[in-house]
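Keep the sequence and the 3D view open while you read.

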Amino acid sequence: MKFDFHTHTNYSDGKEDPKALVEYAKRKGIYIAITDHDTSKGYEKVKEEAVIPGEEVTTQFGHVVILCNFPPNPPKDISSLVDYAKENSCIIFPSHPFDIFRKGIGNRIFEYKFDAIEIFNSKAPKSANEKAYNAAKELKLPGLANSDSHVKEAIGSAYNEIEINEFNIDEILESVRKGKARPIGIGLSITAKFKILQWYIERKI
């Protein structure tokens, strides 16, 4: 089964309604986590679907994604976030950690206990992804590949393969913890790049 653990809807800075994003991902054969910035409201709109609840938390050092088997209400302090994840059997990973343009946590990645690292983010520069890959190897942590989709067309540009037979959030999260998720980084299509640019301009107007 294929999973994208980092997507955004119009409940933060994404373009798509949660239902539209989930439907598009279904057509691609990919299950998604909805990880809007500092809110789980988007997930609430599709909680009857096979979707993983989460958030991209804006900590004092940058962005960290948390995934749980329930809609989380995580603290923004990074030390407290680590504790919250552990206490609630959630997983956390720094998103685009070395992307200096998009609030990556940078070398703070070495200071806190994460469950995995996003080693391929479709929107991050190649050099940033390579740094994340090397950090994951150094820390002996699982690597994840995610679209960081803000438009539906980005879905499919990166995902993780897990050999399980049915959608079960606890099993999915445990598979990530144990390094059983195989990251597949493909890259954005021309169409996706155009739609991202178009959305960026729309938001600025």
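This is a predicted model: local features need pLDDT of at least 70, side-chain atom pairs count only at pLDDT 80 or more; totals for chains, interfaces and linings use all residues.

Residues are numbered from 1 along each chain as its sequence is written, and side-chain values use heavy atoms, with hydrogens and water left out.

**The disulfide**

A disulfide is a covalent bond between the sulfur atoms of two cysteines. Here it is counted when a pair of cysteine sulfur atoms lies within 2.5 Å, and that rule gives a count of 1 disulfide. The partners are C68 and C90, with sulfur atoms 2.2 Å apart. They link distant parts of the chain: C68 sits in the loop between β4 (63–67) and α3 (78–87), and C90 in the loop between α3 and β5 (91–94), 22 residues apart. (Helices, H or I with at least four residues, and strands, E with at least two, are DSSP runs numbered from the N terminus.) The torsion about the S-S bond of C68 and C90 is about 110 degrees, so this disulfide is right-handed. Both cysteines are buried, where buried means under 20% relative accessible area, exposed means over 50%, and partly exposed is in between (1.4 Å probe, protein chains only).

**Helix α3**

Now for the helix named in both of those loops. Which residues of α3 are buried? They are I78, L81, V82, Y84 and A85. Seen down the axis of α3, these buried residues fall within an arc of 165 degrees, so they line one face of the helix; the arc is taken from the directions from the helix axis to the C-beta atoms. They pack against β3 (52–58), β4 and β5, with contact meaning heavy atoms within 4.5 Å. On the face turned away from the buried side, α3 carries the exposed residues K86 and E87.

Check the two ends as well. At the start of α3, a side-chain oxygen of D77 reaches to within 3.2 Å of the backbone nitrogen of S79. After α3 comes S89, whose phi is positive, near 55 degrees.

**Salt bridges**

Side chains of opposite charge can pair when their charged atoms come close. For a salt bridge, a side-chain nitrogen of Lys or Arg must be within 4 Å of a carboxyl oxygen of Asp or Glu, and the count comes to 12 salt bridges. Here are some of them:

| Pair | Closest N to O |
|---|---|
| K47 and E44 | 3.4 Å |
| E174 and R177 | 2.8 Å |

R182 lies in strand β9 (residues 182–185) and E161 in strand β8 (residues 158–161), so this pair ties together parts that are 21 residues apart in sequence. R182 counts as partly exposed at 48% relative accessibility, and E161 is partly exposed at 27%.

E174 and R177 are 3 residues apart in helix α5 (residues 169–177), which separates them by about one helical turn. E174 is partly exposed, at 32%, and R177 is partly exposed too, at 30%. Elsewhere, salt bridges that share partners join E23, K26 and E49 into one network.

**A buried aspartate**

Last stop: D148, in the loop between β7 (143–146) and β8. Is D148 buried or exposed? D148 is buried, with a relative accessible area of 1%. Leaving out residues up to four places away in sequence, D148 touches H6, H8, H96, R102, N121 and K123.

Methods. A polar contact is a pair of N or O atoms within 3.5 Å; within protein, one must be able to donate a hydrogen and the other to accept it, and residues adjacent in sequence count only if both atoms are side-chain atoms.
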